[in-house]
Amino acid sequence: MNLFKILISLLLGLVPIFAWPIDVLEFNCKRTENGYIEEYDMKITLAAGTQKAKVYLDNRDLDQSDDYGKQVVKSVTLARPNIVIAIEASFEPENLMGVVYPAGTVSTQITLDPVTGKLKKVEKIQGGILGETMGNGTYISEESCLLSKMPYKTQ
């Protein structure tokens, strides 16, 4: 019986150690629009413990904030087989070459199937320079993203 208690105590003590590593997924992506091809790298680190999920495009953190606005990765969810990413952006009013644009928001939901490489992006634009130039509304696009490395854990 004492050996059983020692084994259980040892296993329960090691569980937090196994929770420390963060899962990382890396992709090579390609976007094609009007004959233009853009290739980029996407890295996703999943939430673990107190660290929130992060998304990087070409090593640029998508969580950004400055005088012009704010962009936040709200969530990264593994909804097998898909990865679902929610991003919220808000922009302050701005004056660009004498044209005044109102504040605006963009809500983006990305669904990525890592098996097929199909990435579907749904963007809802409201106001701001994007609303003025592209129009307010929902825009849907598709890209391809293939794993560039096997998923791994950081130390």
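**Close-up views of a predicted model**

**View 1. The largest pocket and its lining.** The lining of the largest pocket comprises 17 nonpolar, seven polar and 11 charged residues. Here Ala, Val, Leu, Ile, Met, Phe, Trp, Tyr, Cys and Pro count as nonpolar, Asp, Glu, Lys and Arg as charged, and the others, Gly among them, as polar. The structure is a predicted model, in which local features need pLDDT of at least 70 and side-chain atom pairs count only at pLDDT 80 or more, whereas totals for chains, interfaces and linings use all residues. Residues are numbered from 1 along each chain as its sequence is written, and side-chain values use heavy atoms, with hydrogens and water left out. The largest pocket holds about 1000 Å³ of space. Of its 35 lining residues, the closest to the pocket centre are Leu57, Gln71, Thr108, Lys121 and Glu123. Strand 12 (residues 137-147) contributes the largest share of this lining, five residues. On a 1 Å grid over the protein atoms alone, a pocket is an open set of points where a 1.4 Å probe fits, with protein on both sides within 12 Å along at least five of seven lines; lining residues have an atom within 4 Å of a point. Grid points are joined across faces, edges and corners, and a volume is the space filled by probe spheres set on the points. Strands are DSSP runs (E, at least two residues), numbered from the N terminus.

View 2. Arginine 80 and proline 81 are joined by a cis peptide bond, with omega about 5 degrees. Proline 81 belongs to the loop between strand 6 (69-79) and strand 7 (82-91). Strand 1 (23-33) and strand 7 each supply at least two residues of the lining of the second largest pocket.

**View 3. Two loop residues with positive phi.** Aspartate 58, in the loop between strand 3 (54-57) and strand 4 (60-61), has a positive phi near 50 degrees. Methionine 97 also has a positive phi near 50 degrees and is placed in the loop between strand 8 (94-96) and strand 9 (99-101). Aspartate 58 is partly exposed, at 47% relative accessible area, and methionine 97 is exposed, at 80%. Exposed means over 50% relative accessible area and buried under 20%, with partly exposed in between (1.4 Å probe, protein chains only).

**View 4. A lysine over a tyrosine ring.** Lysine 43 lies over the face of tyrosine 56, at 5.9 Å from the ring centre. A charge sits over a ring if NZ of Lys or CZ of Arg is within 6 Å of the ring centre and within 35 degrees of the ring normal.

How values were computed
Helices (H or I, at least four residues) and strands (E, at least two) are DSSP runs, numbered from the N terminus.
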